[in-house]
Amino acid sequence: MDFRSTFFIVWRCVNIAKKTDELPINDEIRVAELLVIGPNGEQMGIKSLEDAKTIANFAGLDLVLMSGNSTPAVGKIMDYNKYRYEKKKKAKDAMKKQRETNKEMKEYRLSPNIDIHDFETRVKNAQDYLEKGHKIRGFIRFKGRQMAHPELGREVLKKFAEKLNEVSTIETPIKQDGRNMFVILAPKK
């Protein structure tokens, strides 16, 4: 092994595993023996650290300590940069899916004595959102003496659902939960 390849291996170890959440690789591993898993997933048996590093170096890959707490420790021969890239990509996709599920439901707050123009504006916005394929939740929070006339709120929600019946179906009918009354509409397929 010449000086250039040794320098490259050390440089790569230092630059790849600077972060604390990264797995230890090559020269950062501090165990005497480890169970080595090959690049294709085959078990190569328990090897000394130097033998495992030699095998990884011969393959042009990194020796990564996957589990240092187990007995024996488990090390895998792989391209660590590729592993990190795929891990980041999976995390990014998971976050994207999580955002999509959170964005799926949009709430529209109405009141029992809502003005006609405000009502029409909310209906138009809800219709646009339903056309994009998302669910909406229309709800009314009764304040003070409004609780004495829940039928007014029920009429507003019924009218809201009727205005949107061209683009939606009622998923959850009008329900009252304490001071709140709501209806959930889903887009038509």
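Predicted model: local features only at pLDDT ≥ 70, side-chain atom pairs only at ≥ 80, totals over all residues.
**Terms for elements and angles**

- Helices (H or I, at least four residues) and strands (E, at least two) are DSSP runs, numbered from the N terminus.
- Axes are lines fitted to C-alpha atoms, for helices over the stretch in contact, and angles run from 0 to 180 degrees between N-to-C directions.

- Four strands make up an open sheet with mixed pairing, in the order 2-1-4-3; two strands pair if DSSP finds at least two bridges between them.
- Strand 2 (43-48) and strand 3 (62-67) each have a single partner strand and stand at the edges, so one side of each is left without a neighbour in the sheet.
- From one strand to the next, the twist averages 35°.
- Strand 3 and strand 4 (residues 73-78) run antiparallel and are joined by five bridges.
- These two strands, strand 3 and strand 4, form a hairpin with five residues between them.
- Asp62 has Met78 in strand 4 as its bridge partner, and Leu63 has Ile77 in strand 4.
- Strand 1 and strand 4 run parallel, with four bridges joining them; the bridge partner of Ile37 in strand 4 is Lys76.
- Five of the six residues of strand 4 are buried, so this strand is largely enclosed by the rest of the structure. Buried means under 20% relative accessible area, exposed means over 50%, and partly exposed lies in between (1.4 Å probe, protein chains only).
- Helix 2 (residues 49-59) lies across strand 1 (33-37), strand 2, strand 3 and strand 4, and runs at about 130° to strand 2.

**Leu34 in strand 1**

- Leu34 is found in strand 1 and is buried, with a relative accessible area of 0%.
- Leaving aside neighbours within four places in sequence, Leu34 is in contact (heavy atoms within 4.5 Å) with residues including Gly45, Ile46, Leu49, Ala52, Leu63 and Val74.
- Leu34 and Asp51 are 17 residues apart along the chain, and their C-alpha atoms are separated by 10.0 Å.

- Strand 5 and strand 6 (residues 135-141) run parallel and are joined by six bridges; Lys106 stands opposite Ile136 in strand 6.

**Packing of helix 4 and helix 5**

- Two packed helices are described by the angle between their axes and the distance between the axes.
- The axes of helix 4 (residues 116-131) and helix 5 (residues 150-163) come within 10 Å and cross at roughly 45°.
- That angle makes helix 4 oblique to helix 5. Angles under 35 degrees count as roughly parallel, over 145 as roughly antiparallel, 65 to 115 as roughly perpendicular and the rest as oblique.
- Phe119, Glu120, Arg122, Val123 and Ala126 in helix 4 meet Val156, Lys159, Phe160 and Lys163 in helix 5.
- By class, this contact of helix 4 with helix 5 has five nonpolar, no polar and four charged residues. Ala, Val, Leu, Ile, Met, Phe, Trp, Tyr, Cys and Pro count as nonpolar, Asp, Glu, Lys and Arg as charged, and the others, Gly among them, as polar.

**Arg154 in helix 5**

- Arg154 has its place in helix 5 and is partly exposed, with a relative accessible area of 33%.
- Leaving aside neighbours within four places in sequence, Arg154 is in contact with Ile174 and Met181.
- Arg154 and Val183 are 29 residues apart in sequence and 9.5 Å apart in space, C-alpha to C-alpha.

Notes. Residues numbered from 1 in each chain as written. Heavy atoms only, no water.
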